[in-house]
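This report is for a reader who is meeting the structure for the first time. Please look over the sequence and the model before reading on.

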Amino acid sequence: MIDQTLFHNKKVAYLTLGCKLNFAETSYIGRQLSEDGFVKARPGEEADVCIVNTCSVTDTADHKCRQAIKRLHRQHPNAIIIVTGCYAQLKPEEVAAIDGVNLVLGANEKFDIRAYLHNLNSPSPAEAIHHSDILKTKEFRPACSRDGRTRFFLKVQDGCDYYCTYCTIPFARGHSRNASIADTVSMARQAIAEGAKEIVLSGVNTGDFGKSTGEKFIDLVRALDALPGDTRFRISSIEPNLITDEIIALIAGSRHFMPHFHIPLQAGSDEVLKLMKRRYTTAFFAQKIQTIKQIIPHAFIGVDVIVGVHGETDELFEKSRAFIESLDVSQLHVFTYSERAGTKMLEISDVVPVHERRQRNEVLHNLSAEKCNAFYESQAGKTVHVLWESRKHGENMVGFTENYIKAEAPYRKELINTIQEVRLGYWNADRSALTVESQQQTTDI
């Protein structure tokens, strides 16, 4: 039994880096600590406890985590600092050595943070590192982010069994696992009851849902689509080989699921895809994009790409760039490859110089800007429905359409967290948004 009086009115600060899954899990931790009497520290207040949920997808992510931890220690010099997440799972000793860190919790241990905090306040404090082999973990821990967000991020899946040669995620997150469809739908119902206007299905390999329960992702999508009301759903990143034509058709005819796809490509040449041990070809990927656009012409499609992996010659990069240019997609999420210990990519000797990796990143970022501008401009003048968010951009508020177009209009507090029919105006490239030309009624949902 945890003595809740130990933490009554203690202030806690949270810092989350990386993916939406991390945000959902931080929210889960926050609810646990709130039940124990913790209160969230306000900006400028010194916290008693700082919790950092880290990312480790690249060396840059590791560096940002270290910087963030040091900054928190300066801002909260007397606080207990607890670090968890992927960086803590992969490199616990390195994290523990950072000045100010009191406790390091692995990927599985973070869900029992209350018990570890209690032990820190006992006469014999526990050791700094609590870390186990995540590959032996079979338990799925559900989570859903709230914290005043307009959009909720519902964790439906965790882990990955793909073992791509550049990636450490299986070692940080473990094997693919999930809750049942019934439990996941129950969590979605709870989020809706708490006011969720939009729910994003999140996971490490979202489309692999059902592997640990003998179910299928398409059946989860059907079950959620059958819920009453008008709450929006989006699917976060999903592997191209797991987006079936059946899923595309369901989204095309759905009133709940939005026409928005986030699909990892990673490389635009079959040679590099093979080096990465990806599970599709460029021809397969192109056909998948074509299918989506044929059925849902206005769909927003974001694509992940990695540049500069071992073996990506100048010729193969140009081949990749040309292939990506040919795709009818809306935006690129470009990552610069960095070597990760324990991955098979390190066995490939043809190393791309770091400066060349950065140049390739810039080339694809420019291509992304062209595609994004063209897609946004194609949506100008259309009548859509915008879910307005609480954040402000100067004197304006922002929101997102069904197909994930960012729109902005003069700030009106009463419209926050409502869905409004609007006519989109001109493309403001400097603000990466479409203006609103006219506003109609709001939709009460």
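The model is a predicted one. Its largest nonpolar core has 65 residues. Among those with the most contacts inside this core are Ile 199, Phe 217, Phe 285, Leu 332 and Leu 364. In soluble globular proteins, nonpolar side chains tend to be buried together.

Not counting residues up to four places away in sequence, Leu 332 touches Val 303, Val 305, Ile 324, Leu 364, Leu 367 and Ser 368.

His 333 lies in strand E15, which spans residues 331-336. Its relative accessibility is 27%, so His 333 counts as partly exposed. With neighbours within four places in sequence left aside, His 333 is in contact with His 262, Gly 302, Val 303, Asp 304 and Val 305. Between the C-alpha atoms of His 333 and Phe 284 the separation is 20 Å, and the two residues are 49 residues apart along the chain.

The helix pair is H9 and H11. Their axes come within 10 Å and cross at roughly 25°, so H9 and H11 are roughly parallel to each other. The crossing of H9 past H11 is right-handed. The table lists the residues that make the contact.

| Helix | Span | Residues in the contact |
|---|---|---|
| H9 | residues 245-252 | Asp 245, Ile 248, Ala 252 |
| H11 | residues 282-295 | Lys 288, Thr 291, Ile 292, Ile 295 |

By class, this contact of H9 with H11 has four nonpolar, one polar and two charged residues.

Conventions: Residues numbered from 1 in each chain as written. Predicted model: local features only at pLDDT ≥ 70, side-chain atom pairs only at ≥ 80, totals over all residues. Heavy atoms only, no water. Core = buried A, V, L, I, M, F, W, Y, C linked by side-chain atoms within 4.5 Å. Buried < 20%, exposed > 50% of the residue type's maximum accessible area, 1.4 Å probe, protein only. Contact = heavy atoms within 4.5 Å. Axes fitted to C-alpha atoms, helices over the stretch in contact; angles between N-to-C directions. Helix = DSSP H or I, 4+ residues; strand = E, 2+ residues; numbered from the N terminus. Parallel < 35°, antiparallel > 145°, perpendicular 65-115°, else oblique. Left-handed = near helix turned anticlockwise from the far one by under 90°. Nonpolar A, V, L, I, M, F, W, Y, C, P; charged D, E, K, R; others polar.
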